[in-house]
Amino acid sequence: GRDRPAQPAGDDAKAFARRCLLQRVVEATVDDCDRRGVMMGSLRLGPEDAKRSRLAPPAAVGNVAADDDAFESRLLARGLARLDDRRGGSDEWTALEAAARDAKVGLWAHEVEASAQVAKAPAAA
């Protein structure tokens, strides 16, 4: 096991990925790999599976366009991912992330909780 704490909304993102990707046709593209072996790229759902995925419970914010088969869009719209500063993203992805942040869903809800706890903490004298 790992001794590091879980990422905010990590369990939700994992459950969502399993629901959308397991036993589905996907195309994985690796664009880059860093020194630690972390691969950066994209996942695209096959046409039938993308359609099925859109029929899943909708995101609270940021509707994903009907012709968008990029799994990243679905994660961003639900606040289950954030854009990587090293990679950037399209204007659409930036808008999806901003909508999720504004609605305080997914990992953005956890950031609100964390900042509220910090604000309530007594100041060091």
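Predicted model: local features only at pLDDT ≥ 70, side-chain atom pairs only at ≥ 80, totals over all residues.
Residues are numbered from 1 along each chain as its sequence is written, and side-chain values use heavy atoms, with hydrogens and water left out.

**Exercise 1.** Determine which residues of α4 are buried, and where they lie around the axis.

*Solution.* Begin with the element itself: α4 covers residues 91-103, helices being DSSP runs of H or I with at least four residues, numbered from the N terminus. Its buried residues (under 20% relative accessible area, 1.4 Å probe, protein chains only) are Trp-93, Leu-96, Glu-97 and Ala-100. Because these cover an arc of only 95° around the axis, taken from the directions to the C-beta atoms, they lie on the same side of α4. On the other side, Asp-91 and Asp-102 are exposed, that is, over 50%.

**Exercise 2.** Describe the surroundings of Glu-97, and then the backbone of Lys-104.

*Solution.* Glu-97 counts as buried because its relative accessibility is 9%. Beyond its neighbours within four places in sequence, Glu-97 is in contact (heavy atoms within 4.5 Å) with Leu-76, Arg-82, Leu-83 and Trp-108. A polar atom of the Glu-97 side chain lies 2.8 Å from the backbone nitrogen of Leu-83. Lys-104, which follows α4, has a positive phi of about 55° although it is not a glycine.

Terms used: Helix = DSSP H or I, 4+ residues; strand = E, 2+ residues; numbered from the N terminus. Polar contact = N/O pair within 3.5 Å; in protein donor to acceptor, adjacent residues only side chain to side chain.
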